[in-house]
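Keep the model open beside this text.

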Protein chains: 2
Amino acid sequence: MHSEVLKYEANGLHLESVLYFDESKAGKRPAVLVFPEAFGLSEHTKEKAQRLAELGYVTLANDLFGEGKTVNSMEEVMGFIGPLMQNPLNIRAYAEAGLKALLARPEVDASRIVSIGYCFGGTVSLELARGGADVKGVAGFHSGLGTVRPEDAKDIKGKVLVCIGADDPMIGPDARQAFAEEMTAGKVDWQLHLYGGVVHSFTNKQADSAGMPDAIRYSASADRRSWVSLVDFLEEIFQSE
Amino acid sequence: MHSEVLKYEANGLHLESVLYFDESKAGKRPAVLVFPEAFGLSEHTKEKAQRLAELGYVTLANDLFGEGKTVNSMEEVMGFIGPLMQNPLNIRAYAEAGLKALLARPEVDASRIVSIGYCFGGTVSLELARGGADVKGVAGFHSGLGTVRPEDAKDIKGKVLVCIGADDPMIGPDARQAFAEEMTAGKVDWQLHLYGGVVHSFTNKQADSAGMPDAIRYSASADRRSWVSLVDFLEEIFQSE
């Protein structure tokens, strides 16, 4: 598996994202942007991007804080994320910088791009789509669903899949219903998969170290189920092109 | 593919359900009960049961009205279904009769049974589980989620998957939320997959002939997606045993 750091600028940050692809294959191929949880470019993000690259896609595990660093405290996270959530145009600019870096690669088929993400990275992917980017699909896992610009859903060009824990205290029934209404009003081809007894960060094996099991907890079954749904989502999109 | 009519009694009706299995395979194997839409044992039900049998399962496409007949009018359907919905114990007795007929077969591994259904047949499968039947999983497609005995969810022994159209006028946001709360209170391992822009009967290619596209309509994408989720659901359950 080839891996390589891509350096580029976005919103004043020096981003260092990691590109993966199977160098034994020739020719252009579909690509997947992978946006990280709010703690930055973690092993979790890289592992998901690597597993997707093993399926034959070019993938980019996106840096969030610059220089590939991760942060540990919720205070740092919220200091960074909070202002961004109020200005989704900055989130979109950040995501578009990753998309542009990916599109510059000769291995990538520019007409076949999907953007996925975890937690805040799911929000990033949704905002990229709301901004009208030419992505064929967007998937979010325990991803924040809200936006201050719901009217932009009409500009979403690709299919949407979100996978959410039914007991996620950050993405409750009202947020899910608002998302359903937003996507429906935007005439999006969308799916929401809801997992009972599951909370936030269910794809991340490191989640339990947060010591907040009622809010943040790994779920082997939801991780596996949502992965199967993602793999099928990608096949549905890329095989139909 | 071997097929054979199984005759048995339930709630005073002479049922004629159809059993399918691959006779080229030997030994006991997992089995799937398939309960029909409210119009009875249609080609739609038989086709789904046959496709599951092709995957290696023993399947039983369940008769609903007796003597394998189907009905055409909504009046007939409601005259039959309405009273049953008020008395889920009769629904359960009906489902248990199918389960018993299946368990009597030498091809069936009695410890590995899943019950699925479409529309009212999904409700039947859910009621079978709420009644405490020893089924390892229940799946419902555009299935009614409500029950007059939600407190029985605690007796559900298997996993639950329901696949619902987000615009299904018969299964709206309140019904979905009530179901989520019922399953969570019962500590069930449950999933709900929601498909945007999709209404009732999305798995049934004959649905469009009803001439009610805002309420009842086939969806090739939701049919395919929910089938993939069902196949994975069965693999998850049966491979872990």
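At 55% relative accessibility, B:Glu67 counts as exposed, because the cut-off for exposed is over 50%. B:Glu67 sits in the loop that joins strand S4 (58-61) to helix H2 (74-86) of chain B. Look at its backbone. Phi of B:Glu67 is near 55°, a positive value, and the residue is not a glycine. Most residues other than glycine have a negative phi. Keep in mind that this is a predicted model.

Is B:Lys187 buried or exposed? B:Lys187 is exposed, with a relative accessible area of 75%.

How far can the prediction be trusted? The model scores ipTM 0.95 and pTM 0.96. For chain A, the mean pLDDT is 96. In that chain, 99% of the residues reach 70 or more. Where pLDDT is low, the predicted coordinates should not be read in detail.

Now take chain A as a whole. Its secondary structure comes to 6 helices and 8 strands. Read from the N terminus, the order is β-β-β-α-β-α-α-β-α-β-β-α-β-α. The radius of gyration of chain A is 16 Å, close to the 18 Å that the globule rule gives for 241 residues, so the chain is as compact as a globular protein of that length. Along the principal axes, the C-alpha atoms of chain A fill a box of roughly 45 × 40 × 35 Å.

What share of chain A is buried? Of its 241 residues, 59% count as buried. Chain A exposes about 9,400 Å². Carbon and sulfur atoms supply 52% of that area. The contacts reach across the sequence. Among contacts in chain A between residues at least 6 apart, 67% join residues at least 24 apart.

Next, go inside, to helix H4 (residues 120-130) of chain A. In this helix, 11 of the 11 residues are buried, so H4(A) is largely enclosed by the rest of the structure. The buried residues include A:Phe120, A:Val124, A:Leu126 and A:Leu128. Also among them are A:Glu127 and A:Arg130. After H4(A) comes A:Gly132, with a positive phi near 90°.

B:Glu127 and B:Arg130 are among the buried residues of H4(B). Just after H4(B), B:Gly132 takes a positive phi of about 90°.

Helix H6 (residues 220-239) is the next stop. In chain B it has 20 residues. From first C-alpha to last, H6(B) reaches 28 Å, close to the 28 Å expected at 1.5 Å a residue. Of its 20 residues, 14 are buried, so H6(B) is largely enclosed by the rest of the structure.

In chain A, A:Val231 lies in helix H6 (residues 220-239). A:Val231 has a relative accessible area of 18% and is buried, because buried means under 20%. Now find A:Leu52. A:Val231 and A:Leu52 are 179 residues apart in sequence, yet 8.4 Å apart in space, C-alpha to C-alpha.

Turn to A:Lys46, in helix H1 (residues 43-54) of chain A. Which residues does A:Lys46 contact, leaving aside its neighbours within four places in sequence? They are A:Val18, A:Tyr20, A:Leu41 and A:Ala61. A:Lys46 and A:Val58 are 12 residues apart in sequence, and their C-alpha atoms are 13 Å apart in space.

Two copies of a chain are related by a rotation about an axis and a shift along it.

Conventions:
Residues numbered from 1 in each chain as written. Chains lettered and ligands numbered in written order. Predicted model: local features only at pLDDT ≥ 70, side-chain atom pairs only at ≥ 80, totals over all residues. Heavy atoms only, no water. Helix = DSSP H or I, 4+ residues; strand = E, 2+ residues; numbered from the N terminus. Expected span 1.5 Å × (residues − 1). Buried < 20%, exposed > 50% of the residue type's maximum accessible area, 1.4 Å probe, protein only. Rg over C-alpha atoms; globule rule 2.2 N^0.38 Å. Contact = heavy atoms within 4.5 Å. Areas by Shrake-Rupley, 256 points an atom, 1.4 Å probe, with all protein chains shown as cover. pLDDT = per-residue confidence, 0-100.
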